[in-house]
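Could you walk me through this structure, one selection at a time? I have it open in a viewer and have not seen it before.

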Amino acid sequence: MSEPTTGRTEPGASAEPDVPEVSGTTGRTEAGASAEPDFLKVSGLHAGYGRARVLQGLDFSVARGEVCAILGPNGAGKTTTLRALSGMAGGRGSVTLDGTELLGRSPEQAARLGVAHVPEGRGTFNDLTVEENLRIGAHLRTARRWRGRAERAAVTADLERIYGHFPRLRQRSRQAAGSLSGGEQQMLAIGRALIRRPALLLLDEPSLGLAPLVTRELFEIVRAVNEEERTTVVVVEQNARLALDIAHRAHVLEAGRLVLSGPAARIREDGHIAEVYLGVPAHARKAG
Amino acid sequence: MSAVTDLLQQVVEGLGSGAVYASLALALVLIHRFTGIVNFAQGELAMLSTYVAWQLVASGMPFWLALPVTLAVSFAGGMLVERIVIRPVQGAPELTVVIVTVGLFIFVNALAGLIWSFTVKDFPRQFPDGGLDLAGVRVDWSTLGILGVVAVVMGLLYLLFQHTSSGLVMRAVACNPSSARLSGIRVGRVLMLGWGLAATVGAVSGVLVAPVLFLEPNMMGGVLIYAFAAATLGGFDSPVGAVVGGLIVGVAETLTGAYVDVIGADLKVGVPLMIILAVLLVRPQGLFGRAAVVRA
Amino acid sequence: MSTIAVTLGTDRARRLRAALTVLLAAAVAVGAPFYFAPFQVFQLTMVLLYAVALAGLNLLVGFGGQISLGHGAFFAAGAYTSAVMLDRYDTGHLATLPVAAAGCFLLGLALGVPALRLRGLYLALVTLSLAVFLPPLLKRLEPVTGGSMGLIVDKPQPPAWSGLAEDQWTYFVVLAVTAVALLLARNLLRSRVGRALRAVRDDESAAEVMGVRLSLHKTLAFAWSAMFAGVAGCLYTWVIGFVSPDSFSFVLSVTLLAGLVVGGLASLYGPLLGAAFVTYVPSVSQDLSEAAPGVVFGLLIIAVMFVAPTGLAGLPGRVPVAVARRLSDVAARRPSGVSAVLHRTPPAASAPGPESPSRPGTRASEPLTPADPETVGAPPRTEKE
């Protein structure tokens, strides 16, 4: 229990993600090169709804370009953490993104500061077509300036980029989003978030209600996007094994507190941790 | 005049009044799409707009100049109403919001009486007298004009919603406001736009109906009931439904008034009640509505 | 005085206070007609009969969470039932009361079935159309209703033994009926029906899951409230001795709703305050202008919904609660509509995000969170007993 620290993470810990080379698919070292270990810095975050305090003082940092997984049982406060980052839940403490305070912002302000939150349940605009959903994602890009030809070309290029990541969405571009399958809707939600090249991508339970194969495909895309576009990602996930596969670091939440933080690979490989904190049976953890 | 031409004559007249109901119903549906509430003050706001037009014309402005000015004033007024009256109760239970719109209804009605008194005013006719004679059926220019205006309004709304990025943003907000927020859309501003738009569309209905009904503060009360029936019939979430519903209600009203002796001209106002009850019993979501949306 | 102050707050003291209040109110109510001039007695009588209608409307709006914009129609139905019975059949006043009550109950039941299958919005539409439709219908049924001219009927005459003037006798008759009606309303709310109603209002789907038959209870609430309006209408005929279609225009329905909202939704004595409001405000403000009552009503309705959704009756209980909440709340996301029909978003200023999400319920927090916003963050209940 010495390496994955319990309780608060020392600020230094995230500076050197210290990801051991693990065989196979998870050679995730590039984030370690980041010069900005505190790109997203959460300190002393208390948050909740009304008088209900869900988060009891959270401290962690995410380096630029890193994928960070937040794990933990139901009701631990994972979703609330994301909601506090995107302005959907109030709180006190401090959350800075590239030095800018996020707490106390409305969701639209947070979005304008580069936070892209894909909520649990995806938040698809069901009445709109797939392409219109994506254009809404590009809204921020086009809303700022007078839309000239160059701007429209840029949006088209962005659409192409997203279709490149999610070829299935291209096939369905004229279809109403409400008619998509769950997996496609999740892809659309992520695509809608990515089209604006967010500084920080927040994913809430992307695997919820999806078939295992679809989930795996989705996580591979997230990993690819992270590698290609250097998007910083915070992902909340019930399926700990999946999340640990694509994450550089992971934090385990319990009853509103961090109980465990460390490099994702370490947590994944430690059978004891996996079983005690994440409910992953020992025999399952090598399977991926 | 044969029975058939007589019937057709009634249908044409029904379409004329139906177009007015359609435009007010359109305003109701717009607000309902955006906020999920029914704005009971919609008719009164339209009445207020009509008074603005009347005042402009009375002070010497030509009608076709007064109209765009009125529409602009209505747009601004609708946005103000959203910001001042509706925003504070946004997110409150439906009952609270409905009561607020009823309060607005009473207030605007009385305000118009306070400013312009309750005496009936003659509103200038926008369309020339006379009309076409189509195989014995007389179609007034005013009927054609009203239908034309409503068609143009429909067309403009269609263009706005389907072919502009502002329209896309508005549809997104109507569809999923919290997601829109997460996409960086300033939902409050979009809602203001929606109310402004609805007030403008409503103003069109007021200006169209004023020469027929004569202008007075209670002018739109009856029209509102018909518009409610139209929106219920078409489905409260469907702009197309509002227009189709409006036309059907207009025709049904004229036909029952003309052919059902028990009802006659004086009891025509019972027609919307019957239509609403019938729709609720047979097809509660309306002709173009979606069942899932209607059940709260 | 000091002894009362010492024991204040204990159960016995509360009961004592309640008993004293009732006694005092009864003494004032009985003494009033001997003290005031006939016109003032007439106004008090009107307050009482409006209170009956408002108590009924309160069952529906305040406790049932449904809205009726056409209670004037039931009021009219009750009034005309009584007037027609008196005019054509000479039945005597008392006999008209149960008929008016039963008739309006059935009418409410018949309209409630289609109107309440869906969300409450449609009840508002149906009742609104009904209120607009009724006056022309009454005019049309001229052989029975007297058409636009209306009907003039006898007022109840004081028996010789009482030694009372006509206005005093009418006052006492109305007072008796009002007292019974208000007691009935109170008991209805304390019965199973009342509990079911409140459950439905606070959370429809939860109530349904718990086995409350939604549409049945909503329809019953509507029928009861229609019955109260009918009784009030019947009393109106007794007091005024004249009915005409134009007395029962849509304005009456709106006035009733305004009175209820201003007096206090979901409060037991709100209807009395509201009745006083709708009786006196027009008579005072009408001197200014024909439009003045409307301006006052409209503004007050909006203002009440903004600052004090519990109306006049709720103010004493509300201020301390609001202060306490201000003090204890740091971050507030508006709790969803679970327990309060009448509560609006807590002041947005108290939330760190100036525009905290205003459509709650789209995403609840994680289900097992002990501090689940759906239940813990709910604002205090609003009904007063």
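**Before you click**

This is a predicted model, in which local features need pLDDT of at least 70, side-chain atom pairs count only at pLDDT 80 or more, and totals for chains, interfaces and linings use all residues. Residues are numbered from 1 along each chain as its sequence is written, while chains are lettered from A and ligands numbered from 1 in the order in which they are written.

**Stop 1: chain A, coloured by confidence**

The average for chain A is 79, and 78% of the residues score at least 70. Now pick out residues 1-27 of chain A, where pLDDT stays under 50 and the model has 49 contacts beyond four places in sequence. A contact means that the C-beta atoms of two residues, placed from the backbone, lie within 7 Å. Residues 29-33 of chain A are also below 50, with ten contacts beyond near neighbours in sequence.

Switch to cartoon view: chain A has twelve helices and ten strands. Helices (H or I, at least four residues) and strands (E, at least two) are DSSP runs, numbered from the N terminus.

**Stop 2**

Two strands pair if DSSP finds at least two bridges between them.

To see one pairing, show A:A69 and its bridge partner in strand 8, A:V235.

**Stop 3: strands 1 and 2 of chain A**

Next, select strand 1 (residues 40-49) and strand 2 of chain A, an antiparallel pair joined by eight bridges. Here A:V42 has A:F60 in strand 2 as its bridge partner. Is strand 2 (residues 52-62) of chain A mostly covered or mostly open? Nine of its eleven residues are buried, that is, 20 or more other C-beta atoms lie within 10 Å of their own, with C-beta atoms placed from the backbone. In chain A as a whole, buried residues make up 54% of the 288 residues.

**Stop 4: where chains A and B meet**

Show chain B as well: 20 residues of chain A are in contact with 16 residues of chain B. On the chain A side, helix 3 (107-112), helix 4 (130-137) and helix 5 (139-144) each give two or more residues.

**Stop 5: where chains C and B meet**

Finally, bring in chain C, where 51 residues are in contact with 47 residues of chain B. Helix 6 (121-140) is one of the elements of chain C on this side, and helix 6 gives the most, with 14 residues. While you are in chain C, select C:V231, which touches C:V52, C:G78 and C:L97, among others.

Terms used: A residue is buried if 20 or more other C-beta atoms lie within 10 Å of its own, exposed if 12 or fewer, and partly exposed in between; C-beta atoms are placed from the backbone. pLDDT is the predictor's confidence in each residue, from 0 to 100.
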